[in-house]
Amino acid sequence: MADKGGLQLLPENRKRIDVKIPGENRLIQLGAGLIVLVLVIAGGLWLYSNSLANQIASDDQQLAALEAQRDKTAEQNLITLSKQVGITSQILKNHIYWSIGLSKIESALQNNIQFKSLSAVLSEDSLHIRALSDNYTTIAKQLAAFVADDSITDVTLDGVSSLTSGKLDFNASVKFDPAKFLMNQ
């Protein structure tokens, strides 16, 4: 351009004058760096999101395969059996063992006592005994033997009458603690 049609308008040697403003390029570089950093983070999060989505899809397929293998009727039968076992164990836990109570009465029984009748009322937690005895001492020993048992809470002598055979006919009520008297410990 220096020579145009034989005319030279500008001198051949030009000096370039650069004006530098401090920090002018630094903001552009910082902005570009932040944009690159944001793009890298966004790309990393996108890749992580895709890997999680793939893992969820894989886990869903595994769950579907396991669901297909289930035997729902057998599961329902097991649930029913579990409930029945729970109810049965509760019944057995709260079961009344009259044999335990009667064995306690038998162990406390004096030699000369002869039962005529024995009735139990569970709602009243009591036994009603009608028996025969040789004498008053045997009756007293029998009542003391009942009182000595910790499962019996109270003994009441309801009446004594003399028979023509010389024996004594007596009625007694025995109150008991069902948790100790009738339950299997």
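**Strands, a helix and salt bridges**

Student: In β6, which residue is the bridge partner of Ser 161?

Tutor: This is a predicted model. Strand β5 covers residues 152-162 and pairs with β6 in the antiparallel sense over nine bridges. Within β6, the bridge partner of Ser 161 is Asp 169.

Student: How many residues lie between β5 and β6 in their hairpin?

Tutor: The antiparallel strands β5 and β6 are joined by nine bridges, and they form a hairpin. In its turn, Gly 166 has a positive phi of about 95°. The number of residues between β5 and β6 is five.

Student: Which residue in β6 is the bridge partner of His 128?

Tutor: Strand β4, residues 126-133, runs antiparallel to β6, and eight bridges join them. One of the residues concerned is His 128, whose bridge partner in β6 is Ser 173.

Student: Is Asp 169 buried or exposed?

Tutor: Asp 169 lies in strand β6, which spans residues 168-176. Seven of the nine residues of β6 are buried, so the strand is largely enclosed by the rest of the structure. For Asp 169 the relative accessible area is 6%, and because buried means under 20%, Asp 169 is buried.

Student: What is the N to O distance in the salt bridge between Arg 130 and Asp 169?

Tutor: The side chains of Arg 130 and Asp 169 meet in a salt bridge. This pair links distant parts of the chain, with Arg 130 in strand β4 and Asp 169 in strand β6, 39 residues apart. Arg 130 counts as partly exposed at 35% relative accessibility, whereas Asp 169 is buried. The N to O distance between them is 2.7 Å.

Student: How far apart in space are Phe 176 and Phe 146, C-alpha to C-alpha?

Tutor: Phe 176 is found in strand β6 and counts as buried, with 3% relative accessibility. Leaving aside neighbours within four places in sequence, its contacts include Trp 98, Leu 127, Ile 152 and Phe 181. Phe 176 and Phe 146 are 30 residues apart in sequence, and their C-alpha to C-alpha distance is 9.9 Å.

Student: What is the relative accessible area of Thr 138?

Tutor: Thr 138 is found in helix α4, residues 136-148. Not counting residues up to four places away in sequence, Thr 138 touches Gln 110, Asn 112, Ile 113 and Ser 133. Thr 138 is buried, and its relative accessible area is 9%.

Student: Is Leu 27 buried or exposed?

Tutor: Leu 27 is found in helix α1, residues 24-69. Together with Leu 30, Leu 34, Leu 37, Ile 41 and Leu 45, Leu 27 forms a nonpolar patch on the surface, with about 620 Å² of accessible area in total. Because exposed means over 50% relative accessible area, Leu 27, at 63%, counts as exposed.

Student: What is the N to O distance in the salt bridge between Arg 70 and Glu 75?

Tutor: The structure holds six salt bridges, among them one between the side chains of Glu 67 and Lys 72, at 3.4 Å from N to O. Salt bridges that share partners join Glu 67, Arg 70, Lys 72 and Glu 75 into one network. Arg 70 is partly exposed, with a relative accessible area of 37%, and Glu 75 is partly exposed, with 30%. The salt bridge between Arg 70 and Glu 75 has an N to O distance of 2.6 Å.

Definitions and conventions:
Residues numbered from 1 in each chain as written. Predicted model: local features only at pLDDT ≥ 70, side-chain atom pairs only at ≥ 80, totals over all residues. Heavy atoms only, no water. Helix = DSSP H or I, 4+ residues; strand = E, 2+ residues; numbered from the N terminus. Buried < 20%, exposed > 50% of the residue type's maximum accessible area, 1.4 Å probe, protein only. Pairing = 2+ DSSP bridges. Contact = heavy atoms within 4.5 Å. Patch = residues over 30% accessible without salt bridge, like charges linked within 9 Å, V, L, I, M, F, W, Y side chains within 5 Å. Areas by Shrake-Rupley, 256 points an atom, 1.4 Å probe, with all protein chains shown as cover. Salt bridge = Lys/Arg side-chain N within 4 Å of Asp/Glu carboxyl O.
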